[in-house]
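Hello,

Here is the structure I promised to pass on. Please have a look at it first; my notes follow below.

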Amino acid sequence: MLKLKNSRPLFVGGTRYVFQHPQHANRCVKVLRPDRTGAARKVLRKDFKRYLPERFLDDQLKEIKAYRELLTRASETLWRYVPRYHGTEDTDMGVGIVTQLMRNGDGSWPQNLEQMLVNGKDPALQAGIDEFTEAVGKLRILSRDLLPHNIIAVKEEHGYRVMLVDGIGNAELIPLSTWSGFFARRKTQRKIRRFRQRCELLLPRS
Ligand SMILES: Nc1ncnc2c1ncn2[C@@H]1O[C@H](COP(=O)(O)OP(=O)(O)OP(=O)(O)O)[C@@H](O)[C@H]1O
Ligand SMILES: [Mg+2]
């Protein structure tokens, strides 16, 4: 079992902690935040019911399911836009999802789009985002909405590699891949359009 409890997470999301894998420096382990799991339940008020841990645990399990489905049809192209999946591991903080931990070319941590877009327009970043949205449309990896804070921009020698780090799995994923191509495409296009609007809103007003 992986021991994570006593180390510091690299990133803290709204739902999960992201730890560096204790044995593999280029992998991360994602676990539910302690305040989102069992023990925290007792202190949550009744009207927070819909935020109770089951839902979060459920999301974690759905993501695992989604990754497994992706693995059955994964190509190298896919892993350019989604960090490579390395399965799950038991940890002292519950089930952990292990994926590739991305770094910028200079070794620093990549920022997500919410953090980057507030700095203003950047043609190189925009090119990375365009490549990403095009790939997302083709690869059928979308499930939840495309939110800027769930997408990171990895700085490479020539431009940015834009990747989806969260949001690949929920109940929609399976129907989406089995639906008629027309509806699947229409739905994906709508998500991409909304994503572009969200990005626009993050840009500073000029
Ligand atoms: N594989 C990765 N490589 C580098 N950074 C990552 C990776 N995965 C996540 N991050 C960073 O950690 C942050 C939190 O990760 P993630 O979105 O998976 O957590 P979460 O708690 O599920 O998110 P939410 O707040 O959407 O519920 C991301 O916004 C991103 O900045
Ligand atoms: Mg997230």
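Which of the 20 residues around ligand 1 come nearest? They are Phe11, Gly13, Gly14, Thr15 and Asp166. A residue counts as near a molecule if its C-beta atom, placed from the backbone, lies within 6 Å of it.

Two notes on conventions. This is a predicted model, in which local features need pLDDT of at least 70 and side-chain atom pairs count only at pLDDT 80 or more, while totals for chains, interfaces and linings use all residues. Residues are numbered from 1 along each chain as its sequence is written, and chains are lettered from A and ligands numbered from 1 in the order in which they are written.

**The ligand**

Strands E2 (16–20), E3 (27–32) and E5 (94–100) each give two or more residues to the shell around ligand 1. Helices (H or I, at least four residues) and strands (E, at least two) are DSSP runs, numbered from the N terminus. Domain 1 (1–101) and domain 2 (103–206) both contribute to the shell, so ligand 1 lies between them. The domain bounds come from an automatic or database domain assignment.

**The sheets**

Five strands form an open sheet in the order E1-E2-E3-E5-E4, with antiparallel pairing. Strands pair if DSSP finds at least two bridges between them. E1 (11–12) and E4 (85–91) stand at the edges with a single partner strand each, so one side of each has no neighbour in the sheet. Five bridges join E2 to E3. Gln20 has Cys28 in E3 as its bridge partner.

Elsewhere, E7 (residues 151–156) and E8 (residues 159–164) form a hairpin with two residues between them. Six bridges join this antiparallel pair. Ile152 stands opposite Met163 in E8. Ile152 is also the bridge partner of Asn112.

**The cores**

A nonpolar core is a set of buried Ala, Val, Leu, Ile, Met, Phe, Trp, Tyr and Cys residues joined through C-beta atoms within 7 Å. Buried means that 20 or more other C-beta atoms lie within 10 Å of the residue's own, again placed from the backbone. The largest core has 26 residues. Ile151, Ala153, Val162, Met163 and Leu164 have the most contacts inside it. A second, separate core has 11 residues, including Leu4, Tyr17, Val31 and Leu32.

Best wishes

Terms used. A residue is buried if 20 or more other C-beta atoms lie within 10 Å of its own, exposed if 12 or fewer, and partly exposed in between; C-beta atoms are placed from the backbone.
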